[in-house]
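Hello,

Here is the structure I promised to pass on to you. Please open it beside this email, and then read on for what was found in it.

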Amino acid sequence: MARPLHRGVLGGGRLSGNIQDYLEDTQMKIKTDKEDFDKTSKTSSDPVSLSLRNPFQLLLSENTPSKQDSVENGFAVSDQFTSSSRNRHLLTLLILKFSLILIVILGLTVSLLWTISLTTGTKSPMIRGYRRLQEQLVSDLWDIGELSLGANKVKESEFCSPEFENFVPCFNTTENLELGLTEGKEFDRRCGPMSKQNCLILAPPKYKVPHRWPTGRDVIWIDNVKITAQEVLSSGSLTKRMMMLDEDQISFSFASSMVDDNIEDYSHQIAEMIGLRNESYLVQAGVRAVLDIGCGYGSLGAHLFPKQILTMCIAHYESSDSQVQITLERGLPAIVGSFASKQLPFPSLSFDMIHTAWDGVQWDKKDGIYLIEVDRVLRPGGYFVWTSAFANIPDSVRDKENLKRWDFVRNIAKDLCWDLLSQQDKTVVWKKPSNKDCYASRKHVICKAGHDVESPYYHPLEACIGGTRSRRWIPIEERATWPSRATLSSKELALHGVLADDFAEDNINWKSAVRDYWSLLSPLIFSDHPKRPGDEDPIPPYNMVRNVLDMNAHFGGFNSALLDARKSVWVMNVVPTSGVNHLPLILDRGFLGVLHDWCEAFPTYPRTYDMVHADGLLSLETVKQSRCSTLDLFYEIDRLLRPEGWVILRDTTSLIQSARAITAGLKWEARVVEIESNNDEKLLVCQKPLIRSQASSL
């Protein structure tokens, strides 16, 4: 059982023993030093001597200056100081800085000589102990540097101009069109040096904190997303025609029109076409993860979520009236993506069902390569649900062009060995085969080993059948149903090269960590930051956090622990390209996730996650400093995070201290928290403030 975490004090100190006695003792020291200062201020105007006698008073004076005092370079300075005393102060400060440089040089020189002697004449346990001492020395020197340099050492980040409010790097349709990219390629992801923003993106002028879940699923603030009232009222897509404008809010109703009937009837129809009584039986049929291509505003996912079915929305970038942005604002999984020329950012055999309705994808183009990509990410025995204007239309109204397109899609599906289960109105349901025998006699060849990459990262589309070489080829009817699927068997873990004992230990550790996280966040949310609306707040932090981004997901243990603790959240599990690829394991557990390079922008809109979590990411990304800096990473986190959202980072002490300095420039409120069970690591808990842009004058 992991020991409880302790809240940090003034950016990194730890309270031990009797906290009240510590505070009283500190206050007594402050009072005593102040009296001494008053006695000597008439004869001496050197504030440095005061700070060196009591460095903790220096910290306290930075945070709680009196009305008569001003702060210079992190020191409390009385108004009675003359200009000559300030000159002395600056001279003394320069001497102190120079002394610190000499200390660092001498310390590193001695440590190098000591390291050489230890390496040649001592055993490895002593070397490991020395390395801890060396890391502690670096940490202490960092703290001394902070005391000497004060607040001036942190460079404040600038705010972006208002046009960056909905900036999504790597997706620039205007630039792509200027480059001559058409036929869907204008929506492709293209990352380059100009894709980064080196500033803080402000919230819109009328931004409001989103409603708590589940209210936020059905009602969002119109000013939180980029959509006009005219776009709401004139939406031409039937999948989008499920919302109503109510003053400054958009309301979504399950009873509104989708396809020909409401969403409940539509999902009931899909279940019946599969052969089930209703959609509540989809989980028993092996359906847990659904990919919704061109999801409208996520209404299908919103309806299926209470049935324990996770639906990932994916749609191309839209500068306004965005499907992905509004779906995420509702607290539902979504990601920006297009497969006009590149593969989807998911491993082969990732989803139990793929749904698409009125998506605008030209399925009959490029020799059916889009349907081949659907087959790659669909699990054996999974379902492809397709609703289209030219699917199964009566002969009396079907023109020759629509008939040609429908015949093409039907023939490609047959060539992929899909079994056509049912056709009703404009909806068709196919089932992918559970075995591979059928593929040998088909037109489309099976991908060769070099082209059948299990986890492609934006590779070009392949015109061959993928996933058949994977050891994860397991039909959905043979997999454990949810929630048992979250705990993989020893046999399944062996497919991923993971030992059962390591997997079990990871789950235990994360359950303990989540309990500690929540006990840490609860008092912070409701005592330090009582900003959430509502007269009576529920027990904290119930329903305060909905969209969670885990930037270094490992086995998905953080996701699993949150669900075990009955938190009403969903987690986007991200596996960095610089680490071990456990994304197939995460998806096989029934969770959602993607592969991503954190030196590039994440494919989503600003202000889309309530919590960003990262365990060991800073250590992992340190080796990539030549491509991107830690500051670049924090700018991206700030872009993704909602105002008043939370960041929890766990890493080595030195990296956490460095990150703490960066957060000051980002205007975050940050606290370093020590982990009693681990002296080599610390937590950094941050909250992003709500800062709105100024309304532009007409």
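Which residue in strand 9 does Leu291 stand opposite? Leu291 stands opposite Met312. Before going further, a word on the source: this is a predicted model, in which local features need pLDDT of at least 70 and side-chain atom pairs count only at pLDDT 80 or more, while totals for chains, interfaces and linings use all residues. Residues are numbered from 1 along each chain as its sequence is written, and side-chain values use heavy atoms, with hydrogens and water left out.

Let's start with strand 8. Helices (H or I, at least four residues) and strands (E, at least two) are DSSP runs, numbered from the N terminus.

Strand 8 has pairing partners, where a pair needs at least two bridges found by DSSP. With strand 9 (residues 310-315) it pairs in the parallel sense over 5 bridges. The chain gets from strand 8 to strand 9 through helix 10 (residues 299-304), in a right-handed β-α-β crossover. Right-handed means that, with the strands pointing away from the viewer, the path from the first strand over the helix to the second runs clockwise. Strand 11 (residues 351-357) also runs parallel to strand 8, joined by 4 bridges, and there Leu291 stands opposite Ile354.

Now for the disulfides. A disulfide is a covalent bond between the sulfur atoms of two cysteines. Here one is counted when a pair of cysteine sulfur atoms lies within 2.5 Å, and the count comes to 6.

One of them joins Cys295 to Cys313, with S to S 1.9 Å. Cys295 sits in the loop between strand 8 and helix 10 and Cys313 in strand 9, so the pair ties together parts 18 residues apart in sequence. Both cysteines of this pair are buried, and the link is left-handed, with -55° about the S-S bond.

Another joins Cys447 to Cys464. Its torsion about the S-S bond is about 100°, so this disulfide is right-handed. Cys447 is buried at a relative accessible area of 2%, and Cys464 is buried at 12%.

Enjoy exploring!

Best wishes

How values were computed: Buried means under 20% relative accessible area, exposed over 50%, partly exposed in between (1.4 Å probe, protein chains only).
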